[in-house]
Structure formats: structure tokens, C-alpha cells
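Me: I have a structure open and want to talk it through. Can we take it one piece at a time?
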Amino acid sequence: MPALAFCVDAAMAALSPPLSGYTAWDSSLPAPEPFSDVPPSTDTLPDDVSSVTRWTPSHSNALYKVDGWGAPYFSVNSSGNVTVRPHGAKTMDHQEIDLLKVVKKASDSKSNGGLDLRLPLIIRFPDVLKDRLECLQSAFNYAVKSQGYSSHYQGVYPVKCNQDRFVVEDIVKFGSSFRFGLEAGSKPELLLAMSCLCKGSSESLLICNGFKDAEYISLALIARKLSLNTVIVLEQEEELDSVIDISIKLGVRPVVGVRAKLRTKHSGHFGSTSGEKGKFGLTTTQIIRVVKKLKQCGMLDCLQLLHFHIGSQIPSTALLADGVGEASQIYSELVRLGASMKVIDIGGGLGIDYDGSKSTDSDVSVGYTLEEYAMAVVQAVKFVCDRNSVKHPVICSESGRAIVSHHSILIFEAISSGKYTVPPMSSFDIQRFIERLPEDAHSDYHNLSQSAVRGEYEACLAYADQLKQRCVEKFKDGSLDIEQLAAVDGLCDLVEKAIGASNPVSTYHVNLSVFTSIPDFWGIGQLFPIIPIHRLDERPAKRGILSDLTCDSDGKIDKFIGGESNLPLHELEGENGMKYYLGMFLGGAYEEALGGVHNLFGGPSVVRVSQSDGPHGFAVTRAVPGPSCSDVLRSMQHEPEIMFETLKHRIEEYIHDEDNMAGAMVAGGIAQSFHNMPYLTIGSSCCLTAANGNNGYYYCSDEDFTAGADAVAGEDEQWSYVCA
């Protein structure tokens with residue numbers, strides 16, 4: 001037996017790098033040659049990172065590709081913090097907003113001048129929203145002017161991308177001067193759009209898409225009666241009958257559009273609704289029938305708009321021009337058939353570059369700029385209309401993702417990180433380990449040690465795995481105890497680490513629900529830029545994946561832009577114990593509307609931040625705490641007030657002391673829990689902590705005691721009790 005220990009000892013000496021905590025028994029043994037085919041260790045970051053002698057913010061800027069996906073709105077300042085350039089390329093240096101300062105303002109306690117909001121946190125920048133609208137309009141204005149196009153561009157925002165009240169109201173306000181309108185796809189969205197456009201331009205379009213019943217059509221016609229520039233787009237041929245009947249009853253002359261199913265098809269993930277077999281729209285045969293029916297009813301003049309949608313995230317201007325050209329020919333044919341056509345609505349599809357690669361062959365990137373997109377559209381429409389001697393139509397687009405994605409940033413904190421640490425094994429540990437091995441495992445161990453001595457990397461791993469599997473079976477049948485199994489695991493992990501085959505990636509636990517805040521990552525694998533928002537003047541020393549709070553194995557982020565399966569990150573113990581904040585960028589479209597309440601984690605807190613000329617360069621114009629435990633419970637039909645009453649009666653039954661303060665404090669703590677957000681509160685105490693005295697409860701501080709008592713004293717203000 002001891003001879004095997006010597007073999008392992010020599011084998012361990014042969015492994016590179018040397019094992020921490022391991023001391024050789026016999027240095028007189030000949031040192032075998034190190035493995036020649038051992039891959040380089042992946043414990044460190046790639047050479048282009050680890051070879052840098054002095055790390056600067058510009059290195060982080062390059063590492064996280066900030067200029068690629070973030071320009072012109074995001075950059076890294078000299079302090080190593082992410083900054084927001086609220087006016088895009090027009091932002092002056094003194095107008096940049098330090099994102100860390102915004103987070104501190106939002107999350108610090110009120111006694112320290114903060115807003116006392118809990119993370120996760122969405123930060124909205126309406127200035128960015130305004131700049132996106134202006135850039136889109138400017139791009140089309142330039143294309144129209146440079147191409148000698150005789151009409152104009154007039155966009156609409158599809159509210160499905162982000163229905164937040166202030167987002168929609170901002171878009172109407174910022175876009176009013178250039179007649180920017182709204183698109184609705186459901187009855188509540190239509191009601192929202194009608195209300196908001198009452199404060200917009202009278203020429204702004206209100207595009208009514210989606211499947212429609214009589215109520216939807218009635219609302220759209222009433223909107224027209226209210227002098228809103230409403231267009232009912234037919235998604236199904238059958239909708240026309242309802243439009244004709246209800247318009248006659250209401251005495252409203254409708255404006256109608258048709259959505260065409262194009263042959264041009266987007267081949268990527270987002271193109272599933274395009275092409276002849278797409279979910280929405282009419283075929284050429286159906287369009288002709290619509291024209292005939294309108295003509296029969298004396299309403300062909302009501303047909304004024306053609307709509308189509310190639311798909312979201314159109315990757316190239318070549319595909320775009322192909323689809324727009326096909327649609328323009330349909331538009332020209334409708335003019336020939338006698339329709340009073342005025343508008344060509346090219347739908348959505350204006351993509352954004354999530355990974356900064358400028359790729360035309362990716363669902364997370366696009367190979368064009370705003371200016372190139374607008375130019376391709378205008379050129380394609382003009383060419384076809386000129387060929388057919390058709391008057392140039394108003395060009396409308398439904399570019400939601402491109403408008404709202406940049407203005408919203410999700411901030412969350414890493415609360416801990418875990419990486420399996422291989423336990424050290426001394427020579428004595430190895431000898432004891434061998435002596436306790438089952439007899440039939442000795443051969444596996446012998447083969448492992450001999451392979452290590454010979455420097456046979458692949459064989460070493462194979463024998464280690466064989467040893468582990470044999471011992472697992474022994475454990476299952478009860479002939480190996482858990483300590484012995486742990487020793488086998490430790491030895492095999494030690495071998496893997498020594499030859500560079502162990503996994504160096506850490507798991508960072510984040511105070512977030514992927515299902516609530518980044519549902520597109522879970523649902524369709526959508527990638528977003530995620531980076532630390534501070535400490536970017538430090539070299540990231542680790543690589544990690546992100547694991548959320550939910551009790552679900554899918555609740556993790558293990559794919560990142562650039563094809564990476566992990567993210568360069570810093571050690572959590574930062575300067576002065578500062579929390580470690582991460583930001584998810586370009587998530588302003590869809591994520592909030594799609595998020596659910598898996599594990600009853602609700603949405604984040606929200607702040608609106610505008611650039612100002614004050615000392616900090618920004619002003620928080622609105623702050624809303626995230627949904628409380630009560631809020632998310634109500635969303636699932638629970639009644640928190642009754643729940644609390646039930647628990648309160650239980651407390652009165654089971655917790656007793658002379659002055660009943662223990663029960664009152666427990667009730668106060670539970671009441672407060674109902675009103676808190678579901679997410680973890682890092683570094684704070686709780687008024688309910690188990691202990692050995694005072695009937696099993698003690699209170700962390702006088703402040704907690706007072707807070708708990710106040711919660712009970714103010715019950716009637718916080719709760720409307722219902723007796724079951």
C-alpha cells in the first residue's frame with residue numbers, strides 16, 4: 001500500500017501547477033516530465049486581459065465592447081464608472097451622468113439623502129428617448145431630402161414594446177412637432193393611445209393593428225369621431241364586414257388599411273411572422289376581394305394605407321429593400337385599382353446592435369445604421385413608385401425596439417459568489433485514503449497514479465472518473481461511508497485542477513428574477529449587454545455566470561454577448577465593502593411587459609432621471625418602489641389582509657409573555673414583510689430573529705423594536721381588516 005502512496009506523490013509532483021497544501025513524501029524519487037499536452041489554465045482571463053500591466057477604464061471599455069453596443073449613449077469614465085450620455089452624440093462632457101451616482105441616490109437611505117428604494121432598479125432616461133426619436137426622424141428627413149422624395153416620413157410607436165404611462169406620454173410629447181403617433185394592438189392599448197394622442201399633434205397617426213372584435217372596431221371609429229387620425233388595419237378579411245356595418249351605425253367614415261403577407265421572408269428567429277404563411281395579414285387574393293367589396297359599398301376611397309412587417313431585427317438593408325420594394329409594388333397596384341392610397345406603413349424591424357458586432361447574420365445584431373436604414377427605405381419606395389408613375393406616399397414605420405431599448409437600464413446587485421474549492425490533500429491524507437479504499441478500487445487508483453507519473457493527461461482523467469464511479473456504486477450499496485466518498489471526490493477534483501481540467505467559472509448569485517426582469521433571455525435566448533457599472537478601473541480577476549433568486553434551474557444567465565458562456569467579473573469584496581452592481585442595457589423594449597411573477601418575485605423599482613445643470617448633473621423626476629409582497633400576492637388572487645389576520649390570530653394563540661410585547665413584535669414584523677419587496681435586503685437586520693430567550697424571539701436593535709411596535713400601532717392605517 002505505501003508504494004502506491006509514493007506513486008501518487010510522484011504523480012502529484014508531476015502535475016502542473018503544483019497543488020496547494022500538498023507536501024511530497026520522498027524528494028529522492030525521480031521527477032517525471034511535466035505533461036506536454038496539458039491545455040493552458042483557464043483560471044485567468046484571456047491573454048489580452050491578463051497581460052495588461054496597468055489596467056485602465058479604457059481596457060474595460062474594450063473588454064465589455066461598450067463602444068460597440070453602447071455608442072453614443074454609454075461610455076466608461078476615468079473613475080471606472082459607466083456613464084450615460086443623455087443627448088447621444090450631442091452630449092457635452094459636463095452633461096454625462098454617472099450611473100453609480102444615480103444608483104446611490106436611489107438606494108441610499110433617506111437619512112443619507114437617498115430615496116430608500118430597493119433593488120433591482122430600472123432607471124429610465126427620457127432624454128435618451130427624446131434623442132432616439134429625433135435621430136430616427138432626422139435620418140428619414142435627410143433621406144427624403146437627398147433623394148428628392150416628394151412626401152415625408154411620419155412614424156408611430158407600437159405601445160406593446162413598453163406600455164409604461166410615462167414612456168408613452170414622453171413619446172407623444174417629444175414627437176408632437178413631427179407628427180409622431182402611436183400603434184395599438186389590443187383594446188387596452190387602443191384606449192391608452194386614444195387618451196395620450198389627445199395631447200399630441202392632430203396629424204399624428206393612430207394605427208389600429210391586431211385581431212379585432214366589434215368593440216375594438218367601435219373604439220377605433222369613435223377615436224376617428226374624436227378627430228384622432230385613426231386607421232383601422234385589416235388583419236383578417238372578415239374584419240371588413242364589421243368595419244362597414246359599425247361605421248354606418250356610428251355615422252363615421254372610416255379610414256382603412258390592409259396588412260399584406262409578403263413573399264419576402266426574414267429567415268432569423270424574428271421572421272416567423274413574415275412570409276406567405278405568417279400569422280398576420282392578407283394574401284393578394286384576399287386583398288383583391290377587400291378592394292372589390294369596398295368598391296361595391298362605395299367606400300374604396302376609405303382604403304388609404306398598406307401595412308406589412310418583414311419581422312423584428314431585420315439584419316441587413318438588402319433584405320429590407322427587397323421587402324419594401326415588394327410592398328411598394330402592391331401599393332402601386334392598389335392605386336391602379338382605384339384606392340385612395342396615401343400611406344405605406346413598413347412596420348417594425350429596425351433593429352439594434354445588442355453585441356456591437358455589426359453583423360448581418362445574427363439575431364442580436366444588425367449591419368446598418370439608422371441613416372442607412374432610412375435611406376434604403378426611401379430609395380426602395382421611390383424607385384417602385386416612380387416606375388409606376390405613382391405619387392410618393394407618406395412613409396410610416398412602427399419602430400418600437402429602436403426607440404425605447406436604450407433609454408432603460410436594469411440595475412441589480414451580486415450578493416454572493418460561489419466556486420467549488422478543491423480541498424487540499426497532504427501525504428498523510430492520501431495514505432489514509434488508500435488504506436480505506438475498497439479492494440476492487442485499488443486497481444483504479446494504481447492506474448491513476450501510474451498515468452500521472454507517465455504524464456498521460458487523458459488516461460489520468462479517465463482513471464479518475466472510473467475510480468469515482470466505482471466508489472459511487474459502493475456508496476449506494478452501503479459499503480462506502482460518506483467520508484470515504486468525499487475523499488474520493490476530493491482526490492479526483494484535485495487531479496482535475498492540477499492538470500487544468502477543472503472548471504474555474506464562479507457562480508455569482510444576483511438579487512434578481514430572470515423570469516420577471518429578463519424574460520426574453522429565458523424564453524427565446526435573447527442576449528443583452530450585461531456589465532459591472534463600476535470598478536471598471538480594476539482588472540476583473542474572475543469569470544462568472546449569474547444565478548438568480550428563483551427556485552428554478554433555468555433562473556440563470558450563462559450566455560453573454562460575443563458568444564461567451566461567462567462574464568469577466570470582479571471579486572465581491574470591493575473598496576470599503578461597496579456593493580457590486582451590474583447593469584443590463586438595451587432592455588427597454590418588451591422585458592417589463594413580458595415579465596411574470598415566478599416564485600412571486602415582482603417587478604423592480606423604477607426611477608426617471610433627467611439631465612440637469614445641478615451639482616450632480618441629474619435630477620430624479622419620479623421614483624416608484626417595486627411591488628410589495630402584498631402586491632404580488634394579490635396578483636394571484638390572494639388577500640393579504642385576510643392572510644395577516646389569520647397569522648395574527650395564530651400569534652395570539654401560540655406566543656405569550658407578560659405584557660404581550662413578543663406577540664406584538666412578531667405581528668409587526670409579519671405586517672412589515674407583507675409591505676416589503678420580495679427581493680433580498682442586503683446588509684440589514686430583521687425584527688424577527690430566532691433566539692433562546694423571550695419566548696424564542698429577540699429584537700435586533702432599539703430601532704427595529706420601535707419600527708415593529710409602530711407597525712402594530714399603525715395597523716389600521718396599513719390594513720383594512722376583513723374578518724373571515
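Me: Phe140 and Tyr373: buried or exposed?
Reply: Both Phe140 and Tyr373 are buried. Buried means under 20% relative accessible area, exposed over 50%, and partly exposed in between, with a 1.4 Å probe and protein chains only.

Me: What should I know about the model and the numbering?
Reply: This is a predicted model, where local features need pLDDT of at least 70, side-chain atom pairs count only at pLDDT 80 or more, and totals for chains, interfaces and linings use all residues. Residues are numbered from 1 along each chain as its sequence is written, and side-chain values use heavy atoms, with hydrogens and water left out.

Me: How many aromatic pairs are there in the whole structure?
Reply: The search finds 13. Rings of Phe, Tyr and Trp (its six-membered ring) pair if their centres lie within 6.5 Å; planes under 30 degrees apart count as stacked, over 60 as edge-to-face and the rest as tilted.
Reply: One of them is Phe74 with Phe585, edge-to-face, at 5.0 Å centre to centre and 70° between the planes.

Me: Which parts does that pair tie together?
Reply: Phe74 lies in strand β1 and Phe585 in the loop between β19 (580-584) and α21 (591-594), so the pair ties together parts 511 residues apart in sequence. Helices (H or I, at least four residues) and strands (E, at least two) are DSSP runs, numbered from the N terminus.
Reply: Phe74 counts as buried, at 3% relative accessibility. Phe585 is buried too, at 0%.

Me: Back to Phe140 and Tyr373. What is the geometry of that pair?
Reply: Edge-to-face again, with 6.2 Å centre to centre and 85° between the planes. Phe140 sits in helix α6 (residues 126-146) and Tyr373 in helix α13 (residues 370-387), 233 residues apart.

Me: Which residues do ring pairs link into a cluster there?
Reply: Phe140, Tyr153, Tyr368 and Tyr373.

Me: New topic. What is the strand order in the open sheet of three strands?
Reply: The order is β1-β2-β3, with antiparallel pairing. β1 (74-76) and β3 (97-98) stand at the edges with a single partner strand each, so one side of each has no neighbour in the sheet. Two strands pair if DSSP finds at least two bridges between them.

Me: How many bridges join β1 to β2?
Reply: Three, and β2 covers residues 82-84. Phe74 has Val84 as its bridge partner in β2.

Me: Last one. Where does Lys212 lie?
Reply: Over the face of Tyr216, at 5.7 Å from the ring centre. A charge sits over a ring if NZ of Lys or CZ of Arg is within 6 Å of the ring centre and within 35 degrees of the ring normal.
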